[in-house]
Each structure stands twice: as C-alpha cells, then as structure tokens.
Amino acid sequence: MSVRLKLTLSYAGFLMIAGVLLLGAVWVFLLRYVPDRAMLTNPDDRPDGVFPIRSVLLDVFAPRAAAVLAFLLVFGLVGGWILAGRMLAPLTRITDATRTATNGSLSHRIRLPGRRDEFRELADAFDAMLARLEAHVAEQQRFAANASHELRTPLAVSKALLDVARADPDQDAGEVIDRLHAVNTRAIDLTEALLLLSHADQRSFTRGQVDLSLLAEEATETLLPLAEKRGVTVETSGDVTPTLGSHALLLQLTTNLVHNAIVHNLPEQGTVLVETSARPDTVVLTVENTGEKLTPQQASTLTERFQRGTERVHTDHAGVGLGLAIVKTITQAHDGTLTLTPRPDGGIRVTVELAAATSGAG
C-alpha cells in the first residue's frame with residue numbers, strides 16, 4: 001500500500017469513527033429519554049396529540065444514520081485521497097530529485113516554494129546536500145585529472161631516461177642514476193602527499209590534545225637548515241595553544257606552512273614569523289613571510305590542489321603543488337578555519353584557527 005492510500009484510509013477511518021461517536025452521543029443523550037410506549041394527553045393541553053415513542057424514532061433514525069455514515073465514508077475516501085495527494089506533493093518532488101541525483105545528475109535542485117514547514121526544511125537540506133556533493137565531485141574530478149597528470153610526468157621522464165641509457169650504453173650511468181633518483185623522489189613525495197590528503201579527507205584519525213606552539217617549534221627546528229641555506233630568518237613566538245586533533249596531521253600542517261613560507265620568500269634577507277596565540281574558545285597559528293606582492297584573488301587560489309607558479313616549478317624544494325591544499329584539508333578535517341591574507345609590503349599571512357582544548361581534555 002502506498003503512503004497516499006494509507007493516509008486516505010486513515011482519514012476516512014477517523015471520520016467514520018467520529019460519525020459513529022456522534023450518532024452514539026445522540027442515542028445516549030437524546031433517544032434514551034424517549035419513552036418506549038405510547039402516552040395519551042389531553043388534546044386541549046397538547047395539540048400534538050400523541051408522544052413519539054422510541055421504536056418509531058429508531059425506525060426513522062436508523063436508515064438516515066446509515067446514509068450519513070455512507071456519505072461520511074465516501075467523503076472521507078475522496079477528500080482524504082485529494083488531501084493526501086496535496087500533502088505528499090512535496091515528497092514526490094523530493095523523490096524525483098533523489099532519482100535524478102542517483103542517475104548522476106547533481107545539478108538539479110528542488111527549490112520547494114511555499115511556507116517553511118517540515119517538507120520545506122527537508123527540501124532545503126537536500127538542496128544544500130546536493131550543492132556540497134556537486135562541488136565535492138567536481139573537486140575530486142579535477143583532483144583526479146591533475147593527479148594523473150602529475151604522476152604521469154615523472155613516469156614519462158623515467159621512461160625517457162631509460163630509453164636514452166639503453167640507446168647509448170656509453171653514456172655516464174651516474175648522471176642517469178642521479179636524474180632517475182630525483183624523478184623517483186618527486187614521484188614518492190607526490191604519492192605520499194596524495195595519501196595524506198585522502199587520510200585527512202576521510203577524517204580517519206584519532207584525536208588527542210596537541211600544543212600548536214610545540215609543533216611550531218618542532219617544524220621550525222626541522223626546517224632551519226633549509227632556511228639558512230636560502231638566507232631566510234625564522235622567528236617563533238607565542239603562547240601555549242592546546243587543541244584536540246591528530247598530532248601527525250597538525251605537525252604536517254605546521255611543517256607545510258613553514259616550508260612554504262621559507263621557499264616562497266625573498267631571494268635574500270627574507271623573514272618568516274611563526275606565532276601562536278590563545279583566545280577564549282580557539283587557538284590560532286599564524287605564519288607570515290616576506291616576498292612578492294599578491295592580490296587577494298591570487299591568494300585565494302593558493303589552496304587549490306596542484307596550484308603552482310613558474311618559480312615554484314624550477315626551484316629546489318619546489319614541492320608537488322599540494323602544500324597549502326594539504327593545510328586546507330587538515331584544517332577542515334579539524335573543523336577549523338584557514339585564512340590567507342596578502343601583506344601590504346609583500347608576502348602572505350596564513351592563519352589557522354582551531355577549537356581550543358578544554359582544561360580536562362586529554
């Protein structure tokens with residue numbers, strides 16, 4: 001039985017029950033007081049002559065009561081069918097949209113009109129879910145295309161190097177090995193970055209109390225040789241900033257921010273400032289550097305996956321174009337906020353805001 005038929009029968013059933021109860025009330029409170037035998041009265045006192053008796057009233061009342069009940073049954077079925085159809089019309093639109101989405105079309109929206117009720121809230125929530133799914137699928141498709149392109153490049157270079165070495169046995173094997181090692185290292189870094197992105201996207205990690213200030217010190221200490229090599233000064237300051245999350249992922253987030261700030265800096269005499277601060281309900285990690293001036297539009301694209309500029313491709317420690325994309329994914333996995341703001345004098349300020357850990361959390 002369909003829901004519409006069930007509602008129709010329910011409406012009709014309740015209407016019949018109400019009719020029976022009404023007729024029962026008429027019997028209990030009216031007909032029971034009618035005498036069951038004839039009574040003669042003085043014609044002068046009462047022009048009607050004879051009192052009506054219960055048997056006569058029942059003979060007249062019963063067929064008409066049955067007719068009323070029959071009318072109520074038909075009226076309940078027809079009216080219930082129409083009313084149920086009108087009530088379930090929004091659900092039909094939601095069902096059609098679900099079938100459309102199941103067939104792979106995520107651009108369809110219900111956009112249910114009318115007042116805000118339970119069906120309207122359900123339709124709006126479904127539209128919001130479709131919008132998120134459409135954006136996620138589009139992002140995954142772009143990511144898959146970019147990842148396949150990025151992985152194909154080192155494999156093609158490796159194949160070309162091997163073909164050259166096979167064609168020219170007298171070529172210096174050491175040089176070929178060094179170039180293969182560099183290409184292979186890049187492919188491994190890219191694969192590990194992709195796995196890290198997948199791990200963060202799925203939120204399949206255990207949360208524990210983590211101090212961002214300690215992570216900032218650890219990341220700075222690890223990358224200090226790179227900073228000295230590039231002539232960049234790194235300064236770290238701030239408060240104790242406890243939060244709940246994955247120690248490994250948040251360390252990767254901090255390391256990526258500091259690494260990007262060092263690599264994408266001035267050719268010489270560059271600086272990187274790493275600061276942590278605690279607010280009433282949140283903790284903040286801020287990494288800013290000197291460098292070329294950026295527009296807000298340029299800054300907004302830096303978190304896109306495989307977003308790289310020319311300078312990033314041709315320098316050492318250029319990465320694989322997933323540094324800030326990983327930072328964005330890890331921040332979202334921890335329900336945090338990532339903000340990129342260009343500095344007026346050049347460079348960029350990156351701010352990660354996470355929920356503060358309660359005093360009793362562990």
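Helices (H or I, at least four residues) and strands (E, at least two) are DSSP runs here, numbered from the N terminus. Keep that in mind for the first stop: select Thr303, in the loop between α7 (296–300) and α8 (310–313). This is a predicted model, where local features need pLDDT of at least 70, side-chain atom pairs count only at pLDDT 80 or more, and totals for chains, interfaces and linings use all residues. Residues are numbered from 1 along each chain as its sequence is written, and side-chain values use heavy atoms, with hydrogens and water left out.

**Stop 1: Thr303**

Is Thr303 buried or exposed? It counts as buried because its relative accessibility is 11%, buried meaning under 20% relative accessible area, exposed over 50% and partly exposed in between (1.4 Å probe, protein chains only). Now show what surrounds Thr303: leaving aside neighbours within four places in sequence, it is in contact (heavy atoms within 4.5 Å) with Leu324, Ala325, Lys328, Leu338 and Leu340.

**Stop 2: α6 against α9**

Next, select residues 247–263 (helix α6) and 323–333 (helix α9). Two packed helices are described by the angle between their axes and the distance between the axes. For α6 and α9, the axes come within 9 Å and cross at roughly 145°; axes are lines fitted to C-alpha atoms, for helices over the stretch in contact, and angles run from 0 to 180 degrees between N-to-C directions. The crossing of α6 and α9 is left-handed, that is, the near helix is turned anticlockwise from the far one by less than a right angle.

Which residues of α6 and α9 make the contact?

- α6: Leu249, Leu250, Gln252, Leu253, Asn256, Leu257 and Asn260
- α9: Gly323, Leu324, Ile326, Val327, Ile330 and Thr331

Leu324 of α9 is in this contact and also touches Thr303.

**Stop 3**

Asp335 counts as exposed because its relative accessibility is 55%.

Then jump to Gln269, in the loop between α6 and β4 (270–278). Here phi is near 60°, again positive in a non-glycine residue. Gln269 is exposed, at a relative accessible area of 68%. For context, most residues other than glycine have a negative phi.

**Stop 4**

Select Thr351 in strand β7 (residues 348–355). At 18% relative accessibility, Thr351 counts as buried. Beyond four places in sequence, Thr351 is in contact with Val284, Leu285, Thr286, Thr337, Leu338 and Thr339.

Ser213 comes next, in helix α5 (residues 212–229). It is buried too, with a relative accessible area of 10%. Not counting residues up to four places away in sequence, Ser213 touches Asp239, Val240, Thr241 and Thr276.

**Stop 5: α2**

Finish on helix α2, residues 54–102. It has 49 residues and reaches 66 Å from its first C-alpha to its last, close to the 72 Å expected (1.5 Å times one less than the number of residues). Where does α2 bend? Zoom in on Leu88: the bend there is about 45°, and Pro90 follows within four residues. That bend is the angle between axes fitted to the seven residues ending there and the seven starting there. Leu88 and Pro90 are among the buried residues of α2. After α2 comes Gly104, with a positive phi near 105°.
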